[in-house]
Amino acid sequence: LRKRAFERNSYAILRIKTELAYNALKPWQVLQGLYALAFIFALASLFVKHSFIKFSPIAISAFAILLHVSSLTARVFILERPPVGSLYESLLFVSLISSIFAFLGWYRFKERLFLIAGLFIALFLLLIAPVFAPKGDSLEMLVAVLNTHFWLATHVIIITAGYAFCVLTACLAHIALFRRGFARTPDLVFEKKIDLFLFASLFFTCFGTVLGG
């Protein structure tokens with residue numbers, strides 16, 4: 001019994017230390033700066049063919065994604081639940097999924113516009129997220145119908161990932177429409193690549209809705 005009590009106390013102390021470090025670091029403000037910097041460099045790389053300019057957004061994006069994952073992981077450890085218990089947390093999660101798959105889209109297709117779209121979405125969502133947490137990042141959770149670890153880990157995460165794919169697909173579609181409007185011929189290859197994200201958004205939102213039902 002003493003051993004179990006000691007382990008519980010050690011675990012609780014570790015969670016408290018993690019929360020103190022989390023609050024001191026203010027990772028979401030740091031991520032706003034990183035995503036903004038990467039977005040600026042990514043836009044510049046479309047016009048400046050310097051190796052430093054071309055490599056910078058990739059390196060900064062990779063570091064930002066790692067910090068983003070680490071921050072949400074710390075949040076899960078502190079709260080002992082999935083990081084989608086409120087609208088504020090959903091925006092944090094959607095911004096991560098968008099940035100990850102935009103980065104993977106760039107890596108797979110070598111298309112810099114995918115990275116630009118993902119960085120823009122991540123930055124925009126992180127900037128508006130505090131609006132939905134007027135009391136600050138208090139680590140509070142809304143009392144919802146699906147307020148269980150199982151459904152938060154399945155239905156909510158899956159459908160929130162679907163929202164991320166929807167936002168990313170919409171942003172890429174707007175880029176394709178812009179290119180159609182100003183280019184002499186449409187880039188059909190680029191538009192075909194967007195279909196993969198469209199199918200993913202339909203699958204995750206449909207599957208998540210079924211689980212919710």
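**Helices of a predicted model**

Helix H2 covers residues 27–45, 19 residues in total. From its first C-alpha to its last it reaches 26 Å, close to the 27 Å expected at 1.5 Å a residue. That expected span is 1.5 Å times one less than the number of residues. Helices here are DSSP runs of H or I with at least four residues, strands are runs of E with at least two, and both are numbered from the N terminus.

This is a predicted model, where local features need pLDDT of at least 70, side-chain atom pairs count only at pLDDT 80 or more, and totals for chains, interfaces and linings use all residues. Residues are numbered from 1 along each chain as its sequence is written, and side-chain values use heavy atoms, without hydrogens or water.

The chain holds 7 helices and 0 strands. Buried residues (under 20% relative accessible area, with exposed over 50% and partly exposed in between; 1.4 Å probe, protein chains only) make up 44% of the 213 residues.

Look again at H2. Its buried residues include Trp28, Leu31, Leu34, Tyr35, Ala38 and Phe39. An α-helix has 3.6 residues a turn, so residues three or four places apart point the same way.

Now move to helix H6, residues 149–182, which contains Ile158. Ile158 counts as buried because its relative accessibility is 19%. Leaving out residues up to four places away in sequence, Ile158 touches Phe204, Phe207, Gly208 and Leu211. Contact means heavy atoms within 4.5 Å. Ile158 and Thr209 lie 51 residues apart in sequence, and their C-alpha atoms are 8.8 Å apart. Across the chain, residues 24 or more positions apart account for 76% of the contacts with a separation of 6 or more.
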